[in-house]
Amino acid sequence: MNNSTSSICLSNKTETDVLVWQIGALLFPIVGIPGHLLMIITMLMSNRRRRQPTSLYFIFISLTETIYLLFIFWDWLDAVNLVRDPRQVLDCGFFYPFVRGTGFVSLILFVQLNIDRICMISKPQKTYSYLTRKRILVKIILAFSTLLLFIFHYRFSLHYDSTAFIIYGQSCRVYKYAHRWYYSIWPYIHLICRLTPCVILIYCAVYIFYNRYDENNDRKTSSHRQQQKFSLVLVVVGIYTLTALIPITILQIFNQAMGKYEFECFSCHCIENNIQAKNWKLLNALCIMWETSIYMSKFYIKYLFSSDFRYDVKQVMFYRNTTETTNRT
């Protein structure tokens, strides 16, 4: 069980931010992880999907987001005192790379997938020579290499401390020598690292959407119309991804002020009766859950709006032959 000061403060009074966290950290993994497992199984078991090199993107996106949701669920188990704090087990320097890092890798892979979609649209004659499994695997390995940035950052900056209060990091303290880096430099690097892929993602989605709707209406089939619908959904997903990732990233820029307050506040009563701290905790909880929502929904979005994918999932679930070559979306 976690006997840290943070847990003691939580047990005294269930604040709104704690309730938001406990609901989201339980609901999102329960809903998201089965979807990701179905995505991986479909991409591996469907003969049609297995022949497509881009299926590797979906497999590894689902894998990284599953890891993210598992750590969120582990954090929930700690919040309800069922297991030890993951920050204590792994230390803060390894816990946060698995959360922040896997989320970033998922974003990079999703952006790369849509860049490759643009290549397929703009240069269809070179699709088979450009989009090979080897090339895509190299891109995936490069995306995973960005985890090193997060490992170096958090190992350099944070350490476990059971007396730390929940304001922006439960049971974690920033090393004194890392204050300038953690509070003044890293938040802006992190913002750029997240904002840039989001902008590229929206550009790719708009490009694909424009291309689909710019086709000759007389030549459109039901497959083309479904591709148009899915391209519109992709634009919405891109915008939603931006709005979900940026708020929590911007909040981290202002962590220094709350970090200073946390060091000056040594009791649960002090935190519970400070309106600024309570609002800050609630805002962080809402933004973290908002961000988490994008890591649990990709399977369901693809299932709802892609009849082709929906067909393959049903075929795999009922062990039917999936060698049919019809492409709906």
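This is a predicted model: local features need pLDDT of at least 70, side-chain atom pairs count only at pLDDT 80 or more; totals for chains, interfaces and linings use all residues.

Residues are numbered from 1 along each chain as its sequence is written, and side-chain values use heavy atoms, leaving out hydrogens and water.

Start with helix α4 (residues 55-79) and helix α6 (residues 92-122), whose axes come within 9 Å and cross at roughly 155 degrees. Helices here are DSSP runs of H or I, at least four residues, numbered from the N terminus; axes are lines fitted to C-alpha atoms over the stretch in contact, with angles from 0 to 180 degrees between N-to-C directions. α4 and α6 are therefore roughly antiparallel (over 145 degrees). Their contact has 14 nonpolar, five polar and four charged residues.

Now turn to helix α2 (residues 16-45) and helix α15 (residues 298-305): their axes come within 8 Å and cross at roughly 60 degrees. V31, G35, L38, M39 and M43 of α2 meet K298, F299, Y300 and K302 of α15, contact meaning heavy atoms within 4.5 Å. By class, these residues are six nonpolar, one polar and two charged (Ala, Val, Leu, Ile, Met, Phe, Trp, Tyr, Cys and Pro are nonpolar; Asp, Glu, Lys and Arg charged; the others, Gly among them, polar).

Finally, look inside. The largest nonpolar core has 67 residues, and W21, Y96, L109, F110 and L158 have the most contacts inside it. Such a core is a set of buried Ala, Val, Leu, Ile, Met, Phe, Trp, Tyr and Cys residues joined through side-chain atoms within 4.5 Å, buried being under 20% relative accessible area with a 1.4 Å probe, protein chains only. Helix α6 gives the most to this core, with 13 residues.

Definitions and conventions
Helices (H or I, at least four residues) and strands (E, at least two) are DSSP runs, numbered from the N terminus. Angles under 35 degrees count as roughly parallel, over 145 as roughly antiparallel, 65 to 115 as roughly perpendicular and the rest as oblique. Buried means under 20% relative accessible area, exposed over 50%, partly exposed in between (1.4 Å probe, protein chains only).
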